[in-house]
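User: I would like to go through some labels used for this model and see what each one rests on. Please set the values against the definitions.

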Amino acid sequence: MIDKIPYGKQDITSEDLQAVTSVLTGEFLTQGPAVSIFENEFAAYVGAKYAVAVSNGTTALHLCTLALNVNKDTNVITTPITFAASANCVRYCGGSVYFADIDKDSFVLDIAKTEELILSKPAGFFSGIIPVDFAGFAANMEAFRELANRYNLWIIEDACHSPGGFFIDKKGLKQYCGSAGLTEFCVFSFHPVKHIACGEGGMITTNDETLYKKLLLLRTHGITRDPSLLEHNEGGWWYEMQELGYNYRITDFQAALGSSQLKRAELGLARRREIAERYQSAFMNKPYILGQSGVVEGHAYHLYVIRIEKRKELYDYLKQKNIYCQVHYIPVHTMPYYKRLSGEKVSMPVAEQYYSECLSLPMYPTLTNEQQDYVIREIDLFFNSL
Ligand SMILES: *Cc1c(COP(=O)(O)O)cnc(C)c1O
């Protein structure tokens, strides 16, 4: 039988190994120079002014909500079709999460429904929105910014799926995910299933110097040694803990792996887009595929999602064939924790319908054409045998 084909997978080359080994045998395992090198390279890649590397995507989100002073009186809107961390980061600070339904074609947070939710509450009720570039589709941050400006909201773009992705703005220019030109913060994850693998790792980008400095402080216990920030100074050993921060640092060897992986990010993205095109042409006019769509310009294809009937049967069938698909995502508002908080009142019909039909097919740069053809053939065999 063919080797196991997962839905996503990291690609570690001998250059990656070399980069990690040279840090491991060097002076700094953590708090060394590899971290700021990775930050500068990443900021340049996405086109942001500042980047702060952290221990994972979830701590990246948490530092953003901390820096934006989210507290028990803060209400924030996000999408139900995302990983739980997009919502949890609000809860870590005691704030309340509200979900707005997704757009039926792009599956990202629906702007009109977000505005409906805002208008259903008193003025000033909401403080921020956390849109997600779901599957790698670049949510239109220009439109979200206009909405946010109308209601005085901040934006955290959860770009964990979309390094290298972009949308075309009203002027016809490419707006890259994570460039932070239109949002307070953008957040990335370097979990092995994402585009860039560090094992664990995350990044926040911003163009705001004050927010950037706040992130640096909060990442390391709220402690600073910067002479210009100290309240007073008793000597070379002196530091001050000025805020309640955390240890959310990334190590130097993870950062070195990130830098090495980043060199191949555009190649990986090009291969993802090629795989997406091959799926698209294979599924064109197949009656079992619900909602045919063309390849979307600027899509970063973290995931390739099809929608079908008999999702559970297909999932089980493919698993028997050693093809391990996944479902992204079980809607966050249906999780027991969030149901308890909302008293089960929340209903998101588009997200729930989408969830009942979605399946993420294998999508990663080292997936071969032969492996992909096998996946396509097995899906075809499954539906033809019904
Ligand atoms: C992976 C992911 C996260 C969390 O990142 P971790 O590095 O796993 O903590 C947050 N949001 C989205 C959309 C993700 O895909």
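User: Why is Tyr301 called buried?

Analyst: Tyr301 has a relative accessible area of 4%. Buried means under 20%, exposed over 50%, and partly exposed in between, with a 1.4 Å probe and protein chains only. Tyr301 therefore counts as buried. This is a predicted model, in which local features need pLDDT of at least 70 and side-chain atom pairs count only at pLDDT 80 or more, while totals for chains, interfaces and linings use all residues. Residues are numbered from 1 along each chain as its sequence is written, and side-chain values use heavy atoms, with hydrogens and water left out.

User: Where is Tyr301 found, and what is its phi?

Analyst: Tyr301 is in the loop between helix 9 (265-283) and strand 12 (304-307); helices (H or I, at least four residues) and strands (E, at least two) are DSSP runs, numbered from the N terminus. Its phi is near 40 degrees, a positive value in a residue other than glycine.

User: What makes Phe107 buried?

Analyst: Its relative accessibility is 13%, so Phe107 falls in the buried class. Phe107 also has a positive phi, about 65 degrees, without being a glycine. The residue sits in the loop between strand 3 (96-99) and helix 5 (111-119).

User: Why is the contact of Lys170 with Glu146 called a salt bridge?

Analyst: The term requires a side-chain nitrogen of Lys or Arg within 4 Å of a carboxyl oxygen of Asp or Glu. For Lys170 and Glu146 the closest N and O atoms are 2.6 Å apart, so the pair qualifies. The pair links distant parts of the chain, 24 residues apart: Lys170 lies in the loop between strand 6 (166-168) and strand 7 (174-176), and Glu146 in helix 6 (residues 141-150). Lys170 is exposed at 67% relative accessible area, whereas Glu146, at 35%, is partly exposed.

User: How do you know that Lys213 and Glu209 are separated by about one helical turn?

Analyst: They are four residues apart in helix 7 (residues 209-219), which means about one helical turn between them. Lys213 is partly exposed at 46%, and Glu209 is partly exposed at 43%.

User: What radius of gyration does the protein chain have, and how does it compare with that of a compact globule?

Analyst: The value is 22 Å, taken over C-alpha atoms.

How values were computed:
The radius of gyration is taken over C-alpha atoms; the globule rule is 2.2 Å times the number of residues to the power 0.38.
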